[in-house]
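Here is a short report on one structure. Keep the sequence and the 3D view open as you read.

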Amino acid sequence: MRVLIGFILLITSCSTLHTSNLSNGTPLSSHMDKGLPRQILTLQFSGLVNQLARDEQAFFPVISKVFDTGPTGMTEEEYKQKLFLLNASISFNPAYRTFDVSIVSPPQHFEETLNLAFQVLRSPKLDPKNVTEAILNTKSNLQSSFSSMRTGLMYHAFKDYFKNDSLSLNGTTSPKDVSKMNKSNVVSLYKKIFTLEHVRAYSVGPIEASSVASSLNAMLTKYQVPTYTPYVFNKEIASPSPKVQIIHRPNVTDHQVLFLFHHKFDIGGKEGVVAQTMFDYFGGGLTGKLGMILREERGLTYHASANYGRYLPSWYIYSFAGSKQLESLLKGIVEVKKLTEESKVTTQELYNIKSSLVADFKQSYELPMDDLGLEAYADLFSFSVRSLRNFPDEVMTVSTSDLESYKASILSNKDFALYIMGDKNVIIPILQRLGYKKVEVINETNL
Amino acid sequence: MIYTLLFVSSLIFARDFPVELREQVGIYHYSLDNGLDLYVTKNPKAPVVSIFHWVRAGSLNEKKGITGIAHLFEHMMFRPVHKGEKGFFDKITALGGSANANTRYMATVYTTSVPANNLEGLLKIESDRFMNLKVTDELLDVERKAVWSEYSTKFDTNPVIDIWGKIYEAGFPGHPYEWTVIGYRQDLEKIKAKDCNAFFDRYYRPNNTGLFISGDIEPSKVYALVKKYYAGWKRGEDSSLPKEFQKNTKFTSVTGRIPSPSKQVLLGFRTKDEDKHSLEYMFINHLLFGSSHSLSDRRIKQNAKLASAVSDFNYDYDSGLVKGFFVLLPKATLSKLTAEVLKLKSDIEAMDEKNFSAYKQEFITSLLEGTLRNDSLNEAIALSWGKYKDLNIFLDWDEKVRALKKESIVNLLNKFYNKDNMIVVTTKAKE
């Protein structure tokens with residue numbers, strides 16, 4: 001209904017953060033944000049993806065598909081129609097160190113939607129027909145997403161580099177590994193790991209924190225959710241293996257390139273701030289050294305970037321090129337890395353980078369839900385959320401000498417893994433000319 | 001000077017969202033004498049200022065033999081304006097900002113953001129490139145290679161992007177929709193600096209441009225700055241779009257070029273009178289393909305079990321087609337899929353008021369949630385002006401969507417939703 005003096009609600013001026021423990025000890029962080037039309041609740045199943053090996057990770061997209069069909073006692077059509085009429089959604093997302101269940105609902109239907117979500121989690125449709133369909137659908141969707149070479153490269157490289165360590169797993173899988181799922185192991189894995197005991201809760205929206213807590217407590221009782229225990233992650237991840245590996249897809253004319261380096265970043269500390277500054281200087285899109293030289297000056301690629309790993313102790317350089325430009329690109333990346341290592345950063349350059357980073361941060365954390373995401377990330381990785389939130393102030397303290405000594409230490413690292421996805425018949429001769437001696441080749445179909 | 005204060009309509013629906021209002025936001029419209037349309041949104045909570053330049057110059061303004069020039073020129077807009085100076089990315093970084101752009105069928109859109117205290121600096125460098133850029137063959141040759149890389153990684157290796165290009169090629173023979181935004185390979189090689197400069201001269205004019213600025217800013221001050229820097233931009237010939245594709249059509253089915261292990265299908269219907277029915281088309285797209293409870297999802301994925309995934313495809317970005325994307329399951333056939341898709345119209349005809357209202361509510365929610373951020377709010381305003389040619393779509397979307405009648409949707413479907421007007425492209429099977 002249009003009114004004469006109209007309003008658009010963008011962001012509330014009143015957003016408050018409450019933290020508390022639910023009746024079973026589950027930590028709940030709740031932002032009230034009357035600017036959101038619907039309440040958002042994320043249940044973070046800490047460590048769930050880490051309980052299965054790499055070739056079992058297919059369980060997570062499959063069980064997500066099973067969950068999507070609703071609980072027992074309700075057909076898929078009935079379940080989806082119910083959600084539709086509630087204007088609500090329930091979705092499932094595996095990620096590094098977690099399996100997230102996201103519940104979005106208008107406030108007046110929040111409890112009903114929450115109840116549905118717990119029904120699904122506790123009593124999914126694990127009959128053979130439904131599980132078989134879920135496996136089939138998962139495989140089909142994966143084949144579609146793996147048609148993008150970048151997907152295949154990113155899926156494989158980090159896991160392989162860290163030797164399939166559990167911390168390198170994130171619930172993603174390949175078409176080949178989905179074939180290892182069947183009617184019985186999906187059921188047995190579900191029973192084994194979906195115990196709901198390591199769940200954290202994050203909520204944002206127009207409902208007051210106490211009401212959110214009250215609704216959740218009612219569910220914990222009704223669905224007999226066990227006492228919360230924090231999931232203890234391994235402190236150390238397997239040491240990576242420097243190597244050169246081609247992931248072969250025949251007859252393509254474009255090749256994806258990923259250099260991976262090992263380094264454990266103190267993301268929540270001062271290092272994290274200096275690292276972001278350094279990577280923006282070196283590989284920040286079109287304004288970093290990589291983009292400026294490889295794309296803007298030499299026209300070798302549409303994209304070249306570098307950044308530190310948010311989830312794994314690593315940093316990377318990523319780019320791609322056609323067959324004719326690949327050799328120059330590979331050479332160029334090494335040159336630019338060296339050049340950046342040795343270059344002098346001016347005060348103006350540093351100021352520009354810092355200003356841009358601050359503006360980016362402010363945009364990235366514009367809404368209370370963004371801050372809640374930051375908190376969830378910090379909790380999973382044991383970073384200080386306070387430090388992360390303080391980034392705009394901290395980054396302004398980075399000096400040119402901080403940046404120069406830091407980039408010299410990071411960029412001087414010559415131990416790396418190089419993964420290239422493309423046609424091996426094009427890539428192998430190039431790598432030989434560039435002096436890479438030992439090159440592994442795997443077929444894309446074996447991922 | 002035309003000055004209009006527009007208030008954005010209330011999004012309170014006490015029945016559905018008991019939301020408290022916190023801020024009053026206004027959208028201010030100005031027109032400069034040279035025809036530049038300026039929309040300033042005062043948003044005190046914005047973290048930075050968002051600026052959109054929407055230029056009515058896209059691939060639909062190209063001619064055969066020189067396709068891809070709109071896109072190639074877009075790339076050149078980030079190069080130095082004057083000899084010896086830095087490129088646009090360097091300049092904007094110095095202001096603590098960021099920039100991007102994309103070329104579409106009907107427009108090229110430049111997006112930038114800066115802290116509010118650097119807005120004047122940004123408008124200075126923006127107006128400079130929009131008024132004074134001169135392309136040289138030397139820089140064009142370097143940029144052409146980057147576009148080759150874009151071509152190569154997208155169109156030569158990605159089967160989904162390949163079929164996106166194919167659906168237009170198959171659906172609009174002899175019309176500018178036929179070629180993709182990136183153009184034909186052979187044309188890319190031929191484009192010279194003088195062609196780019198001629199394109200710039202013809203289309204990059206204030207009367208072909210909408211400027212959208214949203215942030216913690218004072219509209220009158222922004223207007224004064226825009227006048228200061230853009231008033232000297234000379235009006236030119238109005239841009240115009242080609243006539244709607246008129247040829248008699250029959251059902252078209254083609255295969256893509258890039259092999260894919262799974263059968264992926266892009267299926268579309270050419271729109272009729274898209275300009276006159278913008279909101280209806282948006283809603284139809286939502287009903288058929290875009291909603292997570294879309295009619296396609298229900299009929300084709302859930303019931304007929306023909307697909308593992310169903311979605312819409314680039315609707316806001318593209319024009320000319322209402323299209324859906326399907327990842328087919330192994331036993332599904334194209335004939336079954338097309339038959340089921342055609343039945344979606346009867347699903348709408350048979351829909352009761354309760355469900356129709358629920359779709360409308362869902363659509364309103366998605367528009368509302370999609371404009372919570374300052375830059376997405378600014379984009380929605382720009383899109384309403386640029387693509388939908390009706391700012392009231394944005395201003396009154398709740399009211400307008402609620403007023404939609406099933407009969408008007410069905411009447412529109414009767415104009416374009418039939419087999420003869422359908423184009424289907426399937427990815428090539430992998431051997």
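## Chain A as a whole

Of the 447 residues in chain A, 50% are buried. A residue counts as buried if 20 or more other C-beta atoms, placed from the backbone, lie within 10 Å of its own. This is a predicted model: local features need pLDDT of at least 70, side-chain atom pairs count only at pLDDT 80 or more, and totals for chains, interfaces and linings use all residues. Residues are numbered from 1 along each chain as its sequence is written, while chains are lettered from A and ligands numbered from 1 in the order in which they are written.

Chain A holds 17 helices and 12 strands. These are DSSP runs, numbered from the N terminus: helices are H or I with at least four residues, strands E with at least two. The C-alpha atoms of chain A fill a box of roughly 65 × 50 × 50 Å along the principal axes. Take the contacts in chain A between residues at least 6 apart in sequence: 79% join residues at least 24 apart. Contact means that the C-beta atoms, placed from the backbone, lie within 7 Å.

## Two domains in chain B

Chain B is assigned domain 1 (2–230) and domain 2 (252–429). The bounds come from an automatic or database domain assignment. The domain centres, taken over C-alpha atoms, are 26 Å apart. Each domain of chain B gives 36 residues to the contact.

Which elements give two or more residues to the domain 1 side? They are strand 3 (37–42), strand 4 (49–55), helix 5 (159–171) and strand 7 (209–215) of chain B. Helix 5 of chain B gives the largest share, nine residues.

## A five-strand sheet

Chain B also has an open, mixed sheet of five strands, in the order 8-12-9-11-10. Strands pair if DSSP finds at least two bridges between them. Strand 8 (252–260) and strand 10 (307–312) of chain B are at the edges with a single partner strand each, so one side of each has no neighbour in the sheet. The twist averages 20° from one strand to the next.

Strand 9 (264–270) and strand 12 (422–429) of chain B pair antiparallel over five bridges. There, B:G268 has B:I423 as its bridge partner.

## Helices on the sheet

Helix 4 (128–145) of chain A lies across strands 9, 10 and 11 of chain B, at about 50° to strand 10. Axes are lines fitted to C-alpha atoms, for helices over the stretch in contact, and angles run from 0 to 180 degrees between N-to-C directions. Helix 10 (295–303) of chain B also packs on the sheet, touching strands 10 and 11 of chain B. Its direction makes about 165° with that of strand 10 of chain B.

Notes:
Contact = placed C-beta atoms within 7 Å. Buried ≥ 20, exposed ≤ 12 C-beta atoms within 10 Å, placed from the backbone.
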